[in-house]
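This briefing concerns the pairing of charged side chains and the confidence of the model. Please consult the sequence and structure shown below while reading.

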Amino acid sequence: MHSLYQHKENLYWNACIESNAGNSKKMWKSVSSVLKRDKYASAASSSLTADRLSLFFKNKIDGVRAATANADPPMYSSSSGKQFTGFREYSMEEIRRVLIQSPMKTSMLDPLPTDVLLESIDILLPFISTMCNASLREGILPTSQKAAIITPILKKANLDVDDVKSFRPISNLTFISKVIERIVAEQIKTFLAESDLMPPLQSAYRPGHSTETATLKVLSDILDAADSQKATLLGLLDMSAAFDTVDFEFMFHRLEVSYRLSRTVLKWIASFVTDRTQAVAFDGNTSSPVKLICGVPQGSVLGPLLFVMYAAEVMRIAQSHGVCIHAYADDLQIYVSCKAVDQQAATSQIVSCVEEIDRWMSSNRLKLNANKTEFIWLGTRQQLLKIIQKQLGVGGASVAPVSKVCDLGVFIDDELSMAAHVSHVVSDCFYQLR
C-alpha cells in the first residue's frame, strides 16, 4: 500500500513540474514542495541514518537525565478547587464530530489510510465509538496505540543537514490514538478553564491564543515601556529536549496535587505516557524501536497539554520576582522594563529570576539550555545609548545580550511603521514559536 502511495505521489509531482515548466514562480513553488522546504523537512543527507538519529535523540535525553539526577526534589503547589473525577463517554455523534474535524494525516502504523476510514465512517463509527469509550471507561490505551514513528525535522531551514543536532524529533502516531487523545484533551481543557487553572500567559493549545497573540502581548508591553522612556531587557529561554524529559512520577503527582485530577483520570494518563516505543524513519529506512522511560510525545494531541500543566510553575516564579513572562509551550519569554539609570537593578532582577527557574527545572528533570538562551535590549535610540550591556549568568554559563539591539525610535514619527518594524524584530526573536 505504501509503495503504491509513493508511486502515485511521484507521478503527481512529476506532472506538476512538467505543467509549470513555463512559469518559473510556480515551478520553484512545486520544487520547494517536493523538497519540503516550506516545512523544514528532512533533506537528503549523505552521512545521517535512521539509527544514528535514533541514537542521538536517546543520548540527548539520557544526557539531560544525568545532568539533573542530583537536583533537589521538586515542590508542588496545591489546589483547593473541585476535582476532575473522571472522563465521560462520548456519543457516536460526538465521536463523528471529532473524526471529521481531525486532520487527515496517515501514519505508517495505521492499518488503512485516514481518507479511506473517513469515507467509510458510517460503517466504522459504531466500532470506533465502542473502542474510544472502552478506553476511557477502563483507563487503558492499548499497546498498539503507543508506538510512534519519529520524523526528524530541521529546526531551521539553513542548518546543516549532515549534523544530527540540526533535527528535532516529531512523533507520528496512529490516527485512532489521536482521536482518543482529542476526546481526553477536550475534557481536561474544559475542566482547566472552568477551574481557572490554565496559566493566563500561556498561549499554546488554547482557543483564542496563538503565536500572534503572544507576539502582540509582548510587543505591546515593550512599546508601552518605550513610551514611558524605558528600555526593556528581553530574555528568550530555551530548554533542552523539554517534551522528551518530562518525569512520569513528578508529572503524576503534580497533576493530582496541583490540578486535582482523580486516580481514575491519572490511570488513563499513566497508560498513555508509559510503555511507549519509538522508531526513527529517515531517508527511506526505519531504525530499531526504542523504549521510552520519560517524556510526552511531541506531535501528539495530549502530550503538549500535559507539558504545559507540568511546567506551569515557571510562570509563578517569574511573577514572584516581578518579571513579566509569556510562554508558548516550552518557549519562554521573560522581560523587565526600566529607566536607564536602573539597568543594574533590572539586570539583577532578571538574573535572579533565571537562576530560580534554572533550579526549578533541574528539580523537575528539565534542563535550561544556556547555549540557545538569548537576551536583547529594546528601546529608543536615546534609551539604548545609556545602556551598558553586561553578560548574564544562565545555567552556570555567561550569556551576553545580542549586539544587535532594537532601536524603537527609528519610526517614532510614524506609529504604524514603528509598530510594523518592532513587530518584525520581536517576531524574529520568537522564531521558536510554532
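How many salt bridges does a search of the whole structure find? The search returns 12 salt bridges. The model is a predicted one, and its average pLDDT is 86. Side chains of opposite charge can pair when their charged atoms come close.

**A salt bridge between two helices**

- Glu186 and Arg97 form a salt bridge through their side chains, with an N to O distance of 3.1 Å.
- Because Glu186 belongs to helix α7 (residues 175-195) and Arg97 to helix α4 (residues 92-101), this pair ties together parts that lie 89 residues apart in sequence.
- Glu186 is partly exposed, its relative accessibility being 28%.
- Arg97 likewise counts as partly exposed, with a relative accessible area of 30%.

- The side chains of Asp221 and Lys217 meet in a salt bridge at 2.5 Å, N to O.
- Both residues of this pair, Asp221 and Lys217, are located in helix α8 (residues 211-227); they are 4 residues apart, which is about one turn of the helix.
- Asp221 has a relative accessible area of 21% and is therefore classed as partly exposed, since the buried class requires a value under 20%.
- Lys217 is partly exposed at a relative accessible area of 31%.

**A salt bridge between a strand and a loop**

- A salt bridge joins the side chains of Lys291 and Asp275, at 3.8 Å from N to O.
- Distant parts of the chain are linked by this pair: Lys291 lies in strand β6 (residues 290-291), whereas Asp275 lies in the loop between α10 (263-273) and β4 (277-282), 16 residues apart.
- Lys291 is exposed, with 60% relative accessibility, while Asp275 is partly exposed, with a relative accessible area of 46%.

**Confidence of the model**

- Across the protein the pLDDT averages 86, and 86% of the residues score at least 70.
- Residues 409-425 have a pLDDT below 50, and this stretch has 18 contacts in the model beyond near neighbours in sequence.
- The pLDDT is also below 50 over residues 427-434, a stretch with 22 contacts in the model beyond near neighbours in sequence.

Note on methods: Residues are numbered from 1 along each chain as its sequence is written. This is a predicted model: local features need pLDDT of at least 70, side-chain atom pairs count only at pLDDT 80 or more; totals for chains, interfaces and linings use all residues. Side-chain values use heavy atoms; hydrogens and water are left out. A salt bridge is a side-chain nitrogen of Lys or Arg within 4 Å of a carboxyl oxygen of Asp or Glu. Buried means under 20% relative accessible area, exposed over 50%, partly exposed in between (1.4 Å probe, protein chains only). pLDDT is the predictor's confidence in each residue, from 0 to 100. Contact means heavy atoms within 4.5 Å.
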